[in-house]
Amino acid sequence: MAERSSGAGAARAVLQRCVRATLQVRPAEHQAPAQFVQIDRGMVIYVCFFKGATDDILPKMVSTLLNLRLCESDSGKMVSVLELPGSLLVVPQATLGGKAKGRAMQYHNNIGKEDGLRLYSAFVSLCEKELTAATAAAGNVAEVTVKHGTPSSVVRGHRTVKARTVVQQCRQAKVRIRTSLDGAEAQWVEIQEGVVDYVCFYRGATEGITRKMADRLMTTKLFRKDTRECVSVLDLPGSVLLVPRDSLLGEPGPERKVQYRGRCQPELGALLFSSLASPCRELMLGSASCTDGGMKVEQGVYGQRQEMVLSSVELLTLLLEF
């Protein structure tokens, strides 16, 4: 789910529920091993702040994110992360503010570094306070916690959106396409270094948009190589995993529920998702570096619950709209 707080684009957050999540907060240096923070069942919050954001937005922002019923309890009921109860992993993600221009990403609307660091630290503190208070009030004995990444500097005009994607760089990723049944093992599709594209389509989207999406996703310079030069997934070269994710349409609604207005019909969504995969594969086949490196485009199953495993050395998350 992608969420924006009120206040003319003051902040942006992407939420992912998880059964376990690990984040590297310090790379290995000399003889010192890399350092990680980890949570078990709960929610990952990727967050960035826009120019003009102030402390005033934080209480409502934290309350909205932590009280939305996005998590599934053992009984199958949709509950908030506070009610679960679950842990939180907060990840500063300035790249969420990116806006594609040509084949490059621009971040002109991101908040300044010092203000972003201050708001991020205050956001984490409020999350800790809310989670601690909710756990104590409910008398839960489950061990829940708030972990977070290293604070860093942490961006939309009004138009009709036909599709939304969240892009994450990965070292390895896989999605289950068939559950285990009658003794048969579950089936997965997997990629190594490359990108995971979570995709949803709005009402009014047509097949004409999928070619534009494929071109943008495959050719925009999203990645940093060892030289720190930004390159596209075709230039990397890397593989692509397409994951249908209608929850990206979610917006906070009344009674802490998430509303999914504007979703296209399931049959059309499945058609558009398949139509997106085809030009992505064509572009990859047209890249000599990708074909020589054995890169590929894999996809999840539309309309099916998505169980995923993702690993990333340098987690970059971008939100693109079409």
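## Buried residues and an aromatic pair

A residue counts as buried when its relative accessible area is under 20%. In this predicted model, Tyr 302 has a relative accessible area of 18%, so Tyr 302 is buried. Phe 273, at 2% relative accessibility, counts as buried too.

These residues take us to the one aromatic pair that the structure holds. The ring centres of Phe 273 and Tyr 302 are 6.3 Å apart and the ring planes stand at 40 degrees, so the pair is tilted. Phe 273 belongs to helix α4 (residues 266-285), while Tyr 302 sits in the loop between β21 (297-299) and β22 (308-311), so the pair ties together parts that are 29 residues apart in sequence.

In soluble globular proteins, nonpolar side chains tend to be buried together. Here, the largest nonpolar core has 34 residues. Phe 201, Met 213, Val 240, Leu 242 and Leu 276 are those with the most contacts inside this core. At least two residues of the core come from each of β12, β15 (194-201), α3 (208-219), β18 (239-244), α4 and β23. Helix α4 gives the most, with six residues.

Leu 271 is also found in helix α4. With a relative accessibility of 39%, Leu 271 counts as partly exposed.

## The largest cavity

Rolling a probe the size of a water molecule over the atoms shows where empty space is left. The largest cavity in this model has a volume of about 40 Å³. Its lining is made up of Val 167, Gln 168, Gln 169, Val 195, Leu 222, Phe 223, Leu 316, Thr 317 and Leu 318. By residue type, the lining divides into six nonpolar and three polar residues, with no charged ones.

Where do these residues come from? Strands β12 (163-170) and β23 (317-321) each supply at least two residues of the lining. β12 gives the most, with three residues.

## A lysine over a tryptophan

One more contact is worth a look while you have the structure open. Lys 174 lies over the face of Trp 188, at 4.7 Å from the ring centre.

Technical notes
Residues numbered from 1 in each chain as written. Predicted model: local features only at pLDDT ≥ 70, side-chain atom pairs only at ≥ 80, totals over all residues. Heavy atoms only, no water. Phe/Tyr/Trp six-rings, centres within 6.5 Å; stacked < 30°, edge-to-face > 60°. Helix = DSSP H or I, 4+ residues; strand = E, 2+ residues; numbered from the N terminus. Buried < 20%, exposed > 50% of the residue type's maximum accessible area, 1.4 Å probe, protein only. Lys NZ or Arg CZ within 6 Å of the ring centre and 35° of its normal. 1 Å grid on protein atoms, 1.4 Å probe; cavity = no way out; pocket = protein on both sides within 12 Å on 5 of 7 lines; lining within 4 Å. Points joined across faces, edges and corners; volume = space filled by probe spheres on them. Nonpolar A, V, L, I, M, F, W, Y, C, P; charged D, E, K, R; others polar. Core = buried A, V, L, I, M, F, W, Y, C linked by side-chain atoms within 4.5 Å.
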